[in-house]
Amino acid sequence: MAAPRIIVVGGGLAGLAAVIKIAEAGGTVDLFSIVPVKRSHSVCAQGGINAAKNLKGEGDTTYKHFDDTIYGGDFLANQSPVKAMCEAAPAIIDLLDRMGVTFNRTPEGLLDFRRFGGTLYNRTAFAGATTGQQLLYALDEQVRRFEAAGKVKKYEGWEFLSAVLDSKGVARGITALDLRSMELRSFAADAIILATGGIGAIFGKSTNSVVCTGSAQSAIFQQGAHYANGEFIQVHPTCIPGEDKLRLMSESARGEGGRVWVPRKSGDKRDAKQIPEADRWYFLEEWYPKYGNLVPRDVATRAIHKVVYEHGLGIDGQPMVYLDLTHIDRATLNRKLEGILEIYEKFVGVDPRDHPMKIFPGMHYTMGGLWVDFNQMTNIPGVFAAGECEYQYHGANRLGANSLLSCIYAGFISGPIALNYAKSLPAAEGDGGHAAEIKRQAEINGALLSNQGTENPFKLWRELGQTMTEHVTVIRYNKGLKEADEKIVELLERFKNVNLSDRSQWANTSFAFARQLKNMLELSRVVAQGALLRDESRGAHYKPDFPERNDEKFLKTTKASFTGQPEGPRLEYEEVDTAHIQPRRRSYEASN
Amino acid sequence: MAEKKVTLEIKRQASPEDPSQWERFELDWRPGMNVISAMMEIAANPVTADGRATTPVTYDSNCLEEICGSCAMRINGKARMACSSLVDNLEQPIKVEPLSKFPLVRDLQVDRSVLFENLKAVQAWVPIDGTYDLGAGPRILPQQQEVSYPLSNCISCTCCMEVCPQFNEGTGFVGAATIAQVKLFNDNPIGRVLKEERLRALAGDGGIQECGFAQNCVEVCPKQLPLTSAISDVSRDVLLQKVKDLFRS
């Protein structure tokens, strides 16, 4: 039998982790990525990666990490995979260390750890405030090593369009678009791992990179894959609002002692430094004395919203609060946080070592994603998923510094599982569906290029972002969610009238974007409708009209499937694995 | 009252074979605007200042926070990242051109894969035995971490190569970014197992002796890598390696 062929789509942490494990096990991999893999969105992660190494004498354990993660996710995550991830974490940190990641060190030369949100332990290993960059580079270097050895072939500058499915619905390859030559091609594979990241672009502006459109997930969803817990969207409490994106200001700023506050008096015109302690309201510390500024992100985000919109205390009447590091000495700040301080300095023009930063919540992460089983396989045989594009590890809210871990862990386990699956896959009948899928894609491309409408895809996208941000982020009302869904339906209708201002067949970014946009619109309906039907509040999903968690009805995974009908996706609910920890009330106030 | 405007002149070229021409755009000014948001604005309304319909500009970008290294281009004659180029800090009209030392793809997009090939040639990785659990890594003192971390901040933007007078087809010079990575991995307690091979890779034509110490690299680096000191250190090591190899042969 011929050696199995695996395709990995996406070259961020999850994709690269999968590639490394497959190559190490003797397999060969075709790696597809829109951007050179070293430029993937994982590079943006800042604060660190969690593992209960217990190097600070605090008595931390992997079980406590597991409990914090499940509790932080409001009990929506299936517990067994999360438990396994937390148990694997310490060895993953050791491995990254051996790969040469420049983690910060203690005076004794050991790994340093800091605190992050939703835990009372120093559990987060970090490399300055550019941990994602350092981890991505470490895996990128190992993949380059396998590439030099002929085990990995990279297709950088290619965008995944669809899976090739045979007559039995089993994956036999992918179709992809060369973003330079605009060539459409299909590639054969015995198993596919999607590691295609986040979906920030459906909210217009977010902390995500340009490529995080969710287009690949949506495409496979439209081919029959289930999409789970789509309504769970993390809005990060501390971002710098910008014209082109929302720039993340890492939770590590608070982990290192940063304090969030607003002036007690509405419309206080004084410069932040002129406002004495007595006139400052450290509302997180007051409301959550045990966790203080390090409550989980959903809690901090709602608190900031409340202070700004209900108490009317945003700085200068603007939707912004202070994140203050000025009480920490410059040397410590530079050693531990320089990367993010530079971002603030460069993009705002103010030195955050001297002046409190002005920040506001922004869309950051999707806890939901492609439904996968405990072997990381979607319901389409041969299509696996790992990383932010799948739903498995974070429940209703992700804890800071758990995403890098979940990416690497899921990548590591999905690689060998996919390889084993591929080894036992019977040969395809006929061409495995390649010709039919190429034809389908060519028709979509042709229609798009010859369309003579009036709608600019970039303008449609802005409208999508506005409606999603307004109705489907921090505070959700059923009326607004219905409006959002109606707006998406309108945009889908107008998309039929889309007109590309560029019809050329060379490096045509409008064309690639229009294809992504259609997929973004379909995925947005999953998010909006999932939120509409979930009449409770859990983790990041908050409805003032249904302020309590309702375990009886909604301690369940939402599973969406594509219908192609005007009413949108079909939603069903699946039991959550609570085999290890009995669900309890989640509260970060004085005691829990 | 007329709204405050921003004027950009962008060098356009439909493909490597096509001629280039400049297009002028006039956009409404917005607070905090950068060169990327200006190009997003053009994509949503692709019309030149003289009212002619055109195509959205092709350019590389991803993170928009100067960490992915994608959006390097020449802005007002200087190699820099478009995302961190704030319109308010730039003289107008803002002239935007592609990097000049790399094969052009289209408009502002160029092919910089040579850097990744160079990283392969110098084996810029730690050759670990395997990814299975082999226990903790080596102890590294904070002083060493503080030397290595800045080098590992290189975002592969290639600005240092663009501004280097020696980086051209004639010399085949690898450029500062790759040399800095050689220092990073040669300093690593496990990475140094390949130290001699890396130094030999930099010993021949296109290697480190091509550097003319113009020091443009260190000035232009958006992440302030200590490029010239890395080049000095690696230069010395390459020389020592040559002497050693001479006596060995």
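## First stop: a strand pair

Select A:W261 and then A:Y322 in β16(A): these two are bridge partners. The model you are looking at is predicted.

Now widen the selection to the strands around that bridge. β14(A) and β16(A) are antiparallel, and 3 bridges hold the pairing. Next, pick A:V262. Its opposite number in β15(A) is A:W281. β14(A) and β15(A) also run antiparallel, joined by 2 bridges.

Is β14(A) mostly covered or mostly open? Mostly covered: 5 of its 5 residues are buried. Look at one side of β14(A) and you find A:R259, A:W261 and A:P263.

## Second stop: the whole sheet

Select the six strands in the order β13-β12-β17-β16-β14-β15 of chain A. Together they form an open sheet with antiparallel pairing. In general, strands of a sheet pair through backbone hydrogen bonds.

Which strands stand at the edges? They are β13 (247-248) and β15 (280-281) of chain A, and each pairs on one side only.

Click A:I233 to see one position of interest: A:T366 in β17(A) stands opposite.

Colour residues 237-363 of chain A as domain 1 and residues 433-575 as domain 2. How far apart are their C-alpha centres? They lie 32 Å apart.

Where the two domains meet, 6 residues of domain 1 of chain A are in contact with 7 residues of domain 2 of chain A. On the domain 1 side, α8 (297-310) and β17 (357-366) of chain A each give two or more residues. The largest share, 4 residues, comes from α8(A). Colour that side by class and you get 2 nonpolar, 2 polar and 2 charged residues.

Select β7, β8 and β9 of chain A. These 3 strands make an open sheet in the order β7-β8-β9, with antiparallel pairing. β7 (158-165) and β9 (184-188) of chain A are the edge strands; each has a single partner strand, so one side of each is left without a neighbour in the sheet. Look along the sheet for its twist, which averages 30° from one strand to the next.

Zoom in on β7(A) and strand β8 (residues 171-178) of chain A. They pair in the antiparallel sense over 7 bridges. For one of the paired positions, select A:E159 and its bridge partner in β8(A), A:L177.

Select helix α5 (residues 215-222) of chain A. Why call this helix largely enclosed by the rest of the structure? Because 7 of its 8 residues are buried. Step through them: A:S215, A:A216, A:Q217, A:S218, A:A219, A:I220 and A:F221. Then move just past α5(A) to A:G224, where phi is positive, at about 120°.

Zoom out to chain A. It has 15 helices and 21 strands. Its radius of gyration is 23 Å, close to the 25 Å that the globule rule gives for 592 residues, so chain A is as compact as a globular protein of that length. Its C-alpha atoms fill a box of roughly 75 × 55 × 50 Å along the principal axes.

How much of chain A counts as buried? The share is 62% of the 592 residues. Take the contacts in chain A with a separation of 6 or more: 74% of them join residues 24 or more positions apart.

## Last stop: the partner chain

Methods
Residues numbered from 1 in each chain as written. Chains lettered and ligands numbered in written order. Predicted model: local features only at pLDDT ≥ 70, side-chain atom pairs only at ≥ 80, totals over all residues. Rg over C-alpha atoms; globule rule 2.2 N^0.38 Å. Buried ≥ 20, exposed ≤ 12 C-beta atoms within 10 Å, placed from the backbone. Domains from an automatic or database assignment. Nonpolar A, V, L, I, M, F, W, Y, C, P; charged D, E, K, R; others polar. Pairing = 2+ DSSP bridges. Axes fitted to C-alpha atoms, helices over the stretch in contact; angles between N-to-C directions.
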